[in-house]
Amino acid sequence: FILPLHTDVFSYPVRVLIMAEFTQYINKLQAKIVKYSQKAKTSKRLALRIILWNFKYILKNLAKQKTSYTDKKIHIGVEALGGMGDLIIAAKYVCALEKYFGTDVIIDILCNNKDLCYKNVIFPKNSVYTKEDAPNYDLYISFIRFPVIESYIPNRLNKKVSAYIETVNQFHQKNLFISKNAFLGLAISMMRGRTRENQGDINNLLGMDKLDFKLESNLDIYSVLQKFGINTPNYITIQTGSGRCWENIKNETRQWPEEYYRRFVRLLKDKYPEVQIIQIGSKKQTPISGVDIDLRDQTDMEEAFSLLKHAKLHISQEGGMVHARHFLRGGTSVVLFGPTDERFYGYPENINLSRRICPFACEWIEDDWMRKCIKTGCCADCMQRLTPEFIMEFVKL
């Protein structure tokens with residue numbers, strides 16, 4: 001098996017991909033050994049689980065060896081995972097990937113059913129499928145923080161795509177735990193001068209830090225304002241919670257206390273009585289007493305993005321709406337940071353506020369970080385310290 005790899009029996013892309021396939025298998029095997037060893041009570045049980053996993057791995061990969069395509073284009077499926085902010089970052093990654101590979105590739109987006117509502121606002125130029133409806137791609141990538149090569153068909157790929165697969169797989173081989181743990185992934189990204197929006201650009205191959213990526217919102221804002229009875233373009237948007245991804249968590253650690261929102265709205269109205277305050281987001285998120293208009297779950301995503309883009313200011317905890325406003329080129333947001341790191345998630349045009357006394361942000365140190373503060377065991381101390389009076393010092397309209 002090894003000997004032909006050093007001869008001309010296989011073309012260069014195929015030789016590269018055979019080794020990349022082996023690397024990918026080793027990476028996944030190591031991850032499963034770590035996972036199963038935490039639960040298996042005996043070495044025999046561990047061995048049986050690993051054997052069963054290998055059997056499933058073979059069957060799964062055999063099923064993916066046939067492409068759905070016969071044309072000369074390379075068809076790539078990118079599975080976008082996570083919340084709205086993660087999907088927006090995935091859209092930037094896809095844009096960079098298309099630019100890097102050139103006209104030889106066609107990239108589709110795969111997502112969950114609940115995320116199809118974002119198609120027109122985040123992925124307007126790509127075909128979007130659910131995983132269940134997706135064809136068999138020449139290359140299949142999953143993406144949330146870093147790209148992961150899930151499957152590919154070697155004889156359908158060119159040299160540049162093959163080399164990219166090798167680069168991604170080598171990264172995961174060298175950084176097994178970093179790629180599986182978001183906290184470690186954030187740490188190494190920050191050490192290398194990365195922020196969240198460019199985190200997935202391994203070895204800076206795609207030039208994501210220089211890519212001028214933006215979201216489009218082409219709805220007429222005055223029609224949107226009229227539809228919802230907003231009688232002035234002089235408005236700000238405000239959101240509780242971080243988005244649909246965490247909407248079922250009642251007291252998420254990034255969440256500002258309900259009383260703080262009420263006090264903050266009163267302070268806003270006292271200082272800027274002519275400005276309308278519009279609450280956007282999900283109905284499952286906390287309603288704010290005193291806002292002028294509550295549009296939670298009243299808008300579709302195109303309308304929400306239009307309102308977000310044209311607002312005089314957006315105010316919320318760190319989350320998807322902040323990422324959307326940045327890439328919509330909507331202007332300044334006042335962003336409250338607690339368990340997540342403002343140096344990593346913050347954008348330069350925003351007012352990124354934190355009063356954390358812990359030595360570093362604690363996102364993903366533990367799996368349930370969003371449900372309880374590691375320090376207090378309940379509400380997040382860092383969010384409690386961001387008082388409405390402190391925030392008001394930075395609000396300028």
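In helix α11, the residues G320, M321, V322, H323, A324, R325, H326 and F327 are buried. Eight of the eight residues of α11 therefore fall in this class, and the helix is largely enclosed by the rest of the structure. The model under discussion is predicted. The partners of these buried residues comprise both helices and strands: α3, β6 (235-239), α10 (301-310), β9 (314-317), β10 (333-336) and α12 (342-345). After α11 comes R329, which has a positive phi near 60°.

One member of this helix, H323, may be described individually. Its relative accessibility is 5%, so H323 counts as buried. Leaving aside residues up to four places away in sequence, H323 touches G85, I88, I89, E318, Y345 and Y347.

## Packing of α3 against α11

Two packed helices are described by the angle between their axes and the distance between the axes. For helix α3 (residues 84-101) and helix α11 (residues 320-327), the axes come within 7 Å and cross at roughly 35°. On the α3 side, the contact is made by M84, G85, I88, I89 and K92, which meet G320, M321, H323, A324 and F327 of α11. Sorted by class, this contact of α3 with α11 contains six nonpolar, three polar and one charged residues.

## Nonpolar cores

The largest nonpolar core has 64 residues, of which Y93 and I122 touch the most other members. Helix α3 gives the most to this core, contributing 11 residues.

With residues up to four places away in sequence not counted, Y93 touches V78, I141, F143, P147, Y164, G200, L206 and M208.

G77 is found in strand β1, which spans residues 74-80. At 0% relative accessibility, G77 counts as buried. The C-alpha atoms of G77 and Y140 are 4.9 Å apart, although the two residues are 63 apart in sequence. Y140 is also among the residues that G77 touches, together with D108, Y137, L139 and I141, when residues up to four places away in sequence are not counted.

## Salt bridges

Side chains of opposite charge can pair when their charged atoms come close. With a cut-off of 4 Å between a side-chain nitrogen of Lys or Arg and a carboxyl oxygen of Asp or Glu, the count comes to 22 salt bridges. One of them joins the side chains of R156 and D138, at 3.0 Å from N to O. R156 lies in the loop between β5 (147-152) and α5 (159-174), and D138 in the loop between β3 (128-130) and β4 (139-143), so this pair ties together parts that are 18 residues apart in sequence. R156 counts as buried at 18% relative accessibility, because the class takes in residues under 20%. D138 is likewise buried, with a relative accessible area of 0%.

E252 and R254 form another salt bridge, in which the closest N and O atoms are 2.6 Å apart. E252 counts as buried at 4% relative accessibility, and R254 counts as buried at 7%. A further salt bridge links K210 with D209, the closest N and O atoms being 3.5 Å apart. Here K210 counts as exposed, at 70% relative accessibility, whereas D209 counts as partly exposed, at 46%. Salt bridges also link E258, E259, R262 and R266 in a network.

## The chain as a whole

The secondary structure of the chain comes to 14 helices and 11 strands. The chain has 397 residues, and 51% of them count as buried. It exposes about 19,400 Å², of which carbon and sulfur atoms supply 54%.

Contacts in the chain can also be sorted by separation in sequence. Among those between residues at least 6 apart, 66% join residues at least 24 apart.

Methods:
Residues are numbered from 1 along each chain as its sequence is written. This is a predicted model: local features need pLDDT of at least 70, side-chain atom pairs count only at pLDDT 80 or more; totals for chains, interfaces and linings use all residues. Side-chain values use heavy atoms; hydrogens and water are left out. Helices (H or I, at least four residues) and strands (E, at least two) are DSSP runs, numbered from the N terminus. Buried means under 20% relative accessible area, exposed over 50%, partly exposed in between (1.4 Å probe, protein chains only). Axes are lines fitted to C-alpha atoms, for helices over the stretch in contact, and angles run from 0 to 180 degrees between N-to-C directions. Contact means heavy atoms within 4.5 Å. Ala, Val, Leu, Ile, Met, Phe, Trp, Tyr, Cys and Pro count as nonpolar, Asp, Glu, Lys and Arg as charged, and the others, Gly among them, as polar. A nonpolar core is a set of buried Ala, Val, Leu, Ile, Met, Phe, Trp, Tyr and Cys residues joined through side-chain atoms within 4.5 Å. Accessible areas come from the Shrake-Rupley method with a 1.4 Å probe; for residues, only the protein chains shown count as cover.
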